[in-house]
Amino acid sequence: QVQVVESGGGLVQAGGSVRLSCTAASGSSFSINDMEWYRQAPGKQREIVAQLNSDGQSKYVDSVKGRFTISSDNAKNTVYLQMNGLKPEDTAVYYCRLVCAVGVRTYQYWGQGTQVTVSS
């Protein structure tokens, strides 16, 4: 019922910055209750990077605290991940995950993933 599209990934040098976007759209009325960013590096388990709930409370994995910022533009149904001071170890496929209420039901939706590669 909800389509989620990510954008903003690419190749960046260490110390650089990238902003990822995740936009949700639907033909039905919906609301976003929770927004999350995950990443998965080759050969590694997917990990949660950042979380933003509907109350504006955010959380980050220790490895990105002080460098990454999760935010949202509710009017655009979009969540962002601003990544500064990038390190090679940040290289991964980044996925957004949205928990949405459609009618009286709650669903989770995943973006298609976007590659972020940080060169040393």
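## Salt bridges

A salt bridge is a side-chain nitrogen of Lys or Arg within 4 Å of a carboxyl oxygen of Asp or Glu. This predicted model holds five salt bridges.

In one of them, Glu36 pairs with Arg97, and the closest N and O atoms are 2.6 Å apart. Glu36 belongs to strand β4 and Arg97 to strand β9, so that distant parts of the chain, 61 residues apart, are linked. Glu36 is buried, because its relative accessibility is 5%. Arg97 is buried as well, with a relative accessible area of 16%.

Another salt bridge brings together the side chains of Lys65 and Asp62, at 3.0 Å from N to O. Here Lys65 is partly exposed, at 48% relative accessibility. Asp62 has 60% relative accessibility, which means that Asp62 counts as exposed.

Arg39 is part of strand β4, which covers residues 30-40. Its relative accessibility is 6%, and Arg39 therefore counts as buried, the limit being under 20%.

Which residue meets Arg39 in a salt bridge of 3.0 Å, N to O? The partner is Asp90. The side chains of Arg39 and Asp90 are also listed as a polar contact of 3.0 Å. Asp90 is in the loop between β8 (78-83) and β9, and it is separated from Arg39 by 51 residues, so this pair too links distant parts of the chain. Asp90 is buried, since its relative accessibility is 1%. The salt bridges extend beyond this pair: Arg39, Glu47, Arg67 and Asp90 are linked in a network.

The side chain of Arg39 makes a further polar contact, with the side chain of Tyr94, at 3.0 Å. Neighbours within four places in sequence set aside, the residues in contact with Arg39 include Gln45, Arg46, Glu47, Val49, Phe68 and Ala92. Ser63, Val64 and Val93 are also among the contacts of Arg39.

## The cysteines

How many disulfides does a search of the whole structure find? The search finds one. The disulfide is formed by Cys22 and Cys96, with an S to S distance of 2.0 Å. The angle about the S-S bond is 65 degrees, and the link is right-handed. Cys22 has 0% relative accessibility and so counts as buried. Cys96 is also buried, with a relative accessible area of 0%.

Cys100 is in no disulfide. For Cys100, the nearest cysteine sulfur is that of Cys22, 8.9 Å away. A disulfide needs two cysteine sulfur atoms within 2.5 Å. Cys100 is buried, at 0% relative accessibility.

## Aromatic pairs

The structure has two aromatic pairs. In the pair of Tyr38 and Trp110, the ring centres are 5.0 Å apart and the planes stand at 55 degrees, so the pair is tilted. Tyr38 is in strand β4 and Trp110 in strand β10 (residues 105-110); the pair therefore ties together parts that are 72 residues apart in sequence. Is Tyr38 buried or exposed? Tyr38 counts as buried, because its relative accessibility is 16%. Trp110, at 32% relative accessibility, counts as partly exposed.

Tyr107 and Tyr109 make up another aromatic pair, which is tilted, with 6.2 Å from centre to centre and 45 degrees between the planes. Tyr107 is partly exposed, with a relative accessible area of 29%. Tyr109 has a relative accessible area of 10% and is buried.

## A charge over two rings

Where does the charged end of Arg46 sit? The charged end of Arg46 sits over the ring of Tyr95, 4.5 Å from the ring centre. The charged end of Arg46 also sits over the ring of Trp110, at 4.6 Å from the centre of that ring. Trp110 thus takes part in the aromatic pair with Tyr38 and has the charged end of Arg46 over its ring. Arg46 is also one of the residues in contact with Arg39.

How values were computed:
Residues numbered from 1 in each chain as written. Predicted model: local features only at pLDDT ≥ 70, side-chain atom pairs only at ≥ 80, totals over all residues. Heavy atoms only, no water. Helix = DSSP H or I, 4+ residues; strand = E, 2+ residues; numbered from the N terminus. Buried < 20%, exposed > 50% of the residue type's maximum accessible area, 1.4 Å probe, protein only. Polar contact = N/O pair within 3.5 Å; in protein donor to acceptor, adjacent residues only side chain to side chain. Contact = heavy atoms within 4.5 Å. Phe/Tyr/Trp six-rings, centres within 6.5 Å; stacked < 30°, edge-to-face > 60°. Lys NZ or Arg CZ within 6 Å of the ring centre and 35° of its normal.
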